[in-house]
Structure formats: structure tokens, C-alpha cells
Amino acid sequence: MKTPVLQKVYDPNRLRQQGHELIDLMADHLRATLSGSAEKVIHYQKPEDERDFWMEFFKDQSRSDFFPQVLKRTTHVHHPRYIGHQVCAPAPQAALCGLVSSLLNNGMAVYEMGMAPSAMERIITDLLAEKIGFDDKARGLLTSGGTLANLTALLSARKAKLEEDVWLNGHGNRLAVMVSEEAHYCIDRAARIMGLGSEGIIKVPVRPDFSMDTSVLNAYYEDARKKGLQVFALVGSAPSTATGVYDDLHTLADFCSEKGMWFHVDAAHGGAAVFSRKYKETVRGIHRADSVVIDGHKMMLMSTITTALLFREGHHSHTTFSQEAEYLLQHSEEEDWFNLAKRTFECTKTMMSLQWFLLWKTYGEELFDENVTALYDLGRVLAGMIEADPALELAVRPHSNIVCFRYTQQGLNAAELDEINRGIRKELLEEGEFYIVQTRIKKVQYLRCTIMNPFTTTSDLEALLALVKEKGRRITA
Ligand SMILES: Cc1ncc(COP(=O)(O)O)c(C=O)c1O
């Protein structure tokens, strides 16, 4: 029985009216933020104050400005002075795909629950595999985030490389994976979820340039073997998160083939460099990986979450989760590419392929080339300005659009400099004119910029550095 409330909830005219209003609001938001005329990137509120605001809002029957308040009270990634975390300023078309996916709500687990997006998922993962340099044996899938994709890849690696059937019998051997000490924390988390424990995550140290030190790989590997561990996979970062530095993928691939290990490349952030004519050298060797993760929502102008996981030998993607679930996954052993839940961790997922398909079809590869190239170029510009300024210190010359630096001044000790840089970042956050983040690298406090917005200009970067120095001087005085 359709109650008045349900009638109201599903009224198409309400969707039409509210949808038009919302799109107008979002277009105005986009114009104001992209042009920088919205003066703040973030109107920072303390968590308790924010919760109080929304509690009042919830109780107040007269308030109807839900969407304007959400826009105001969130971080504006389209603002050129958003230079913070690694999420992109999504293309508006990508956001429209999200809206369609939310309304249609096709769960994607089986082909009938998402025919068009399942077909698109096959097409774009094939194209992406080709772009990486894989041949036609490759297969891919889309999944909910780089974190989950890395876990899925390591599960596939374990399945492929172990003689024992862990899926059926659990672990017999003590297992391990090798990864740079600078890799994203989700690799560590994945290994722990897989029951490998602390001893099963072998953190390889980095060189002074923050890439994995390949000269010590063998020593770490042999040491693990002597301890009785079976090392079944090595993870390369392309690039690592804190410093944005790419590992030497060719050398890692050589090592893996010599030892018979699975080679996984976490290219969640920088895999999109395969599209950049100028920067594709950063990912040289990526085609030799057994599996590769690339996030669409980082460097490819898509909204969260749109992660691709590609396998060089596609059959691995079908065996990772070989499980019977008769009501959903019939004939589980079959390689029917169109029943996606057989190969993904999720049962239900969003129709994320719409975003990949539409952006790629509408603008071609050039869009991704231009975006990556512009952002990596800006990374170099920012690093150059920092290097030229005695009041600033660059952590490492960037390979990408991730740039870490700090304010410095003679006569101050390490603890004082850490404190000052923490203070600078705190003030920046509270004032909201810029949004940057912070990180600790080798126990030193740095300010961390990831230039995600191609509308960021050199003068935005100059203004940021001027503000950092002004704050640094004032805090020190
Ligand atoms: C290298 C790398 N891998 C994995 C992740 C996690 O990806 P997601 O946030 O999509 O789960 C990140 C996120 O910053 C990353 O930088």
C-alpha cells in the first residue's frame, strides 16, 4: 500500500524540481570554487562544533537548506588552493554518473543487475590493460578503492603462488610479502588481514631519494627464508604516498621473476602516468607486473570510488574468490567475465564503470594525459620555488605532484622546527585560505602538498609559500 509519505518520497516531480535546484547550486559552487572567487577552501570547524551544528539542524523542522550547508561545510576540492590529499577535483560529468548510479542502484554482482555497466567495465578494463602494456590475456575489474584492490591482488598472489590451498585449509606455512617501508599503509593492513602478522610484512628500506633500495632486496629475502617464511609477493609503489616517489619497477620485476614471486604494483596514485607522453617514463616496467591497481578518483578526474585492478594473466582474477553461492554465483568455476562478484571482494558495488567509460569516450586519452602532465609539471614548479628559497627545505625532488617541504630557520633545533611546522599547518587549516596536509618522514615533520587541481596556478603556489614563511617567522618571533 502506498502511504502518503511513500508517495511523496518517490514523486518524480519532486526529483525534477529538487534536481534542477541542486544542479543550479552545484554549478554555482563549481564556478565559484574553480575560479577561486570563493575565498575559502575549507571553513574549518572543530568536530564537536560541527556535530552540534548538525544536531541542531536535525531537530529544526524549519530548516530546508541541507545541500547549501553541505557545500559550505565541506572541503572544496575544486578550489585551486586545495592542495591537500590525493583526491581529484572530479569532472562534473563524473558526478552526474554518480547520480545516475545512485538512482538506478544496480548492484553489479551479477550481469542482470547492471548489464550496461558490466559491459562497460569489461571494455574499459581491457583498454586500460592494453595501455599498461599487457597483452590480450589480461583481465581487470573495478572495485571499491585502492585499499580493497591491493588486498584483492595479494589474495590472488597467495592463491597463485602457494601449493597449499589456503582458501580451503587455511595457512600451513608462515607467509610473507615484501614492500617498501614508504608504501601506503593499506599494504600492511592487507597483509595483517590475511593473517601474515608483523613478521609477514617485510619492510624494505628506501634510498635517500625515498625509492625502495633494490640493492638490499636479496638480503631481506634470504633473511626471511632463513627464518622459515615463504615470501610469495613483492609490492612496488608507483608512487609511494608520503613522498610521491616511484620505485624502480624493472628491477623489482627482475627480482620477482628470479625468485618466482608475484609482482604487484600499487599504482593507485600514479598509474595514470601511463597516459602522459611526458611522464610515462615514471612507470617504466609496469607492464611486467602480475597485477596493477589504479585509482580513477586520484589522478583521473573521477569521483570516489573508481578503482581498477588489472591482472596480466587474466585467469588469476577468476580464481581468487572461488566460492559457491548458489543463489547468486552459479557454476562458480566458469570464467564468465560478466558476473562480476565472482572476481570482486564486494557483492554489491556502485556502477563505477560509467565514469571511466564516459570520460574516456568523451575526451579520449588526451584528457588523462593533460591532467597528469599539468599536475606533475606543477609539482616540479613548486619544488623549484622551494629549492630557491633559503627559508624552505624540500624533503626530496618530486617524481610526481606530491611535494613535501618545511619551513626552516637557522639556530633552531629539530624539535623546535617540528613544532613550528605543525603550527603553520594548524593555522593554515583554521584559516582555510589554503588546504595542505602534513606528514612525518624519517621522524621529521613536513608540510605536504599534492597538487590535484589542474586549475592551480603558479601564483597560487607562490602565495602559499609566502604565507607559510610569514607564519613561520611569526611563530618563531
Ligand atoms: C599508493 C596508494 N595506495 C593505496 C591507497 C589507498 O587508496 P584508496 O584511498 O582508494 O583506498 C592510496 C591512497 O592515498 C595510495 O596513495
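Helices (H or I, at least four residues) and strands (E, at least two) are DSSP runs, numbered from the N terminus. The structure is a predicted model, in which local features need pLDDT of at least 70 and side-chain atom pairs count only at pLDDT 80 or more, while totals for chains, interfaces and linings use all residues. Residues are numbered from 1 along each chain as its sequence is written, and side-chain values use heavy atoms, with hydrogens and water left out.

Leu6 belongs to helix H1, which covers residues 4–9. With a relative accessibility of 40%, Leu6 is classed as partly exposed; the classes are buried for under 20% relative accessible area, exposed for over 50%, and partly exposed in between, with a 1.4 Å probe and protein chains only.

Helix H2 comes next. Asp11 caps its N-terminal end, placing a side-chain oxygen 2.9 Å from the backbone nitrogen of Asn13. This is a polar contact, that is, a pair of N or O atoms within 3.5 Å; within protein, one must be able to donate a hydrogen and the other to accept it, and residues adjacent in sequence count only if both atoms are side-chain atoms. The 24 residues of H2 (residues 12–35) should span 34 Å at 1.5 Å a residue, and the 34 Å between its end C-alpha atoms agrees with this. The expected span is 1.5 Å times one less than the number of residues in the helix. After H2 comes Gly36, which has a positive phi near 80°.

Side chains of opposite charge can pair when their charged atoms come close. A salt bridge is a side-chain nitrogen of Lys or Arg within 4 Å of a carboxyl oxygen of Asp or Glu, and the whole structure holds 34 salt bridges. An α-helix has 3.6 residues a turn, so residues three or four places apart point the same way. In H2, Asp28 and Arg31 are three residues apart, about one turn of the helix, and their closest N and O atoms are 3.7 Å apart in a salt bridge. Asp28 is partly exposed at 46%, whereas Arg31 is exposed at 62%. In helix H9 (residues 185–193), Asp188 and Arg192 are four residues apart, about one turn; their salt bridge has closest N and O atoms 2.6 Å apart. Here Asp188 is buried, at 14%, and Arg192 is partly exposed, at 41%.

Helix H16 (residues 414–431) holds Glu419 and Arg422, three residues and about one helical turn apart. They form a salt bridge with closest N and O atoms at 3.1 Å. Glu419 is partly exposed, with a relative accessible area of 49%, and Arg422 is partly exposed at 33%. Salt bridges with shared partners also link Glu427, Glu431, Lys471 and Arg474 into one network.

Among the buried sites is Lys298, with 17% relative accessibility, located in helix H12 (residues 296–299). An unreviewed UniProt entry annotates Lys298 as "modified residue: N6-(pyridoxal phosphate)lysine"; positions are given in the numbering used here, feature names are shortened, and annotations may be inferred rather than shown by experiment. Ser400, in the loop between strand E8 (392–394) and strand E9 (402–407), is buried at 0%. A polar atom of the Ser400 side chain lies 3.1 Å from the backbone oxygen of Gly244, and the Ser400 side chain reaches the backbone nitrogen of Ile402 at 3.4 Å.

Most residues other than glycine have a negative phi, and most peptide bonds are trans. The Ala238 to Pro239 bond is cis, with omega near -5°, and the Thr304 to Ile305 bond is cis, with omega near 0°. Asn105 has a positive phi near 55° and is exposed at 57%. Phe210 also has a positive phi, near 75°, but is buried at 8%.
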